Amino acid sequence: MSDRQEQISQVVVTAEQMRDIEARIFAAGMPVVALMEKVAGLIARRIQNIYPNQKDAGTLGRGDTESSFPASQCPPLFASSSLFFSNPCIGILVGPGHNGGDALVVARELYFRGYEIWIYSPFSQLKELTSQHLQYARSLGIPIYQEIEQLPNSDLLIDGLFGFGLERNLTDPIASAINQLNQLSVPILSIDLPSGLHTDTGEVLGTAIRATHTFCLGLWKLAFLQDQALEYVGKAELIDFDIPLADVEAVLSEAPRIKRITPITALSTLPLPRPAITHKYKEGHLLLICGSRRYAGGAILTALGARGSGVGMLSVAVPESLKSLLVSHLPEALIVGCPETETGAIAQLQLPTKTNLNSFSAIACGPGLTTDASPIVQQVIESDVPLVLDADALNILAEIATIPTLQKRQAPTILTPHTGEFQRLFPNITDAKHHRIKAVQQAAAQTGAVVLLKGARTAIANPQNQVSIIPESTPALARGGSGDVLTGLLGGLLAQAATKHIPVEDIAATAAWWHSQAGILAAQERTELGVDAFTLAQFLIKTLKSKLQLITYH
Ligand SMILES: NC(=O)C1=CN([C@@H]2O[C@H](COP(=O)(O)OP(=O)(O)OC[C@H]3O[C@@H](n4cnc5c(N)ncnc54)[C@H](O)[C@@H]3O)[C@@H](O)[C@H]2O)[C@@H](O)CC1
Ligand SMILES: [K+]
């Protein structure tokens, strides 16, 4: 991957930013019509790669009458999404704007490559360029239909109904047409965005195309990183059409940055290579505070996550009755047995002599504690040590008032809530479920903490409004205990970074990326049902090794 590609792949834009970038390119002299040709040409070539046509008109002479037969002769509907149609019949869905214009250029190009094409163009008013392309398609004899009921079968559909210009809810008749198209058992390839999705929030505006594949044009739009869009986007791919980086910079420099985490950004914060001369305490000393008699497993999984981070020294404070269990799982760690409450929670932190909380490079606290460990969490929050708070530590924090409590802290704090915990922590932030990025920005700004909101697309915000998003994950991680592994991993990385001046939010992003990648690799090897949290922890180092090899190779 070139430097440019790497930089482009980190960028995320809103519809407004994309419009501004586009406007600069046009103002600099690039003709609109030329850009559309370029972009749609790239899309058409990509479709040819995915759905090759055995009967390529390059050899048959498309445009001659012998190779152009009416779309009504398209073969019957294919239920499968096989990539090996001998002569794919493609339906092109055309909207009123330039998304529709793109689709029409794709239609024309594929037509000349020998594909059977028909066009669905339900709008009477089209932008001028789109209208011209439609006129030319008509002149070529490509069938054009206005009514959904008239559409012949097809092997696949190209969705060019709406792109980032969609500005209000879809209504009938187009809404019901989209619903009917979604019912067909054919792959749908969306241009730029699945039509009907809000470009920024990923919300469904009335209804939306459920794409099997989406070609996002030029720069990643924010919708692709929103949980609620994922069901609609299918496999997402960026079509890079050479937007100058200077234009991207000019438009984004003032705005709060939203960054897609790539392997290169994630791996760059890791404490590798280690200095030749070092010792265990120089490589970070992490204190985990977790577990209770009721939830012993959470402590083990958190500690295994920390082990995966490579942290120099690991201490684990647990209730006394869990000590021998933890020792048997983690012989390398210092297990600190603590006095316990009647319910089996940690009653008091009993650290080894000459040790206090300030002896540690970082503390991670929460999994399996139960809310009976409230005094311990308060004590930890009052310390001046970098801190990760998760699970029960978050529930306790919510009880003692999130915002004023965290505002008093001087050392960095990272919160790692899932949506439910987030809502308990920040009842003042409305609709965190549907506006995750805005919510996580608000939470970080209000508390001064780094907030990592878990989800299919985990988002991490710092108090300066910057957000990082993990662009890939797997539903295999939706399983008890996987969050515990993340807490340990993150704590371990935070401890190792303590003296290295790496921004805390970058460490959080690296941990979340690594955790997701381990889930993806484990799911590839063991299916999505085979990624229990213990296995996930075992995959951490294997994943790291394969990712480092990939980067070195490139
Ligand atoms: N940004 C870029 O650099 C490029 C953009 N291109 C394409 O241009 C697209 C954006 O084009 P446009 O700005 O024309 O926008 P769209 O093609 O997304 O659609 C806008 C049109 O839909 C209408 N509309 C909006 N909401 C509607 C609703 N709810 N019901 C009915 N009609 C509605 C608008 O009045 C307008 O005519 C991109 O998504 C992309 O496909 C490419 O052609 C070339 C490069
Ligand atoms: K579209």
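The backbone oxygen of Leu453 sits 3.3 Å from a polar atom in the side chain of Arg436, and that side chain also reaches the backbone oxygen of Lys454 at 3.3 Å. Each of these is a polar contact, that is, a pair of N or O atoms within 3.5 Å; within protein, one must be able to donate a hydrogen and the other to accept it, and residues adjacent in sequence count only if both atoms are side-chain atoms. Before we go on, please note that this is a predicted model, in which local features need pLDDT of at least 70 and side-chain atom pairs count only at pLDDT 80 or more, while totals for chains, interfaces and linings use all residues. Residues are numbered from 1 along each chain as its sequence is written, chains are lettered from A and ligands numbered from 1 in the order in which they are written, and side-chain values use heavy atoms, with hydrogens and water left out.

Where does Arg436 lie? Look in helix α17, residues 436–447; helices here are DSSP runs (H or I, at least four residues), as strands are (E, at least two), numbered from the N terminus. Arg436 counts as buried because its relative accessible area is 4%, and buried means under 20%, exposed over 50%, and partly exposed in between (1.4 Å probe, protein chains only).

Leu477 is buried too, at 12% relative accessibility. You will find Leu477 in the loop between β19 (467–469) and α18 (482–497). Its C-alpha atom is 17 Å from that of Gly297, although 180 residues separate the two along the chain.

Leu550, in helix α20 (residues 533–553), is partly exposed, with 45% relative accessibility.

Now turn to the ligand. How many residues surround ligand 1? There are 23, and the closest are Asn99, Asp102, Lys127, Gly163 and Asp192; a residue counts as near if one of its heavy atoms lies within 4 Å. Helices α2 (15–27), α3 (32–50) and α5 (98–112) each give at least two residues to this shell.

A nitrogen atom of ligand 1 is 3.0 Å from an N or O atom in the side chain of Glu22, and an oxygen atom of ligand 1 lies 3.1 Å from a backbone N or O atom of Phe164. At Glu167, a polar backbone atom is 3.3 Å from a nitrogen atom of ligand 1. Taken alone, ligand 1 exposes 870 Å², and the protein buries 87% of that; such areas come from the Shrake-Rupley method with a 1.4 Å probe, and for residues only the protein chains shown count as cover.
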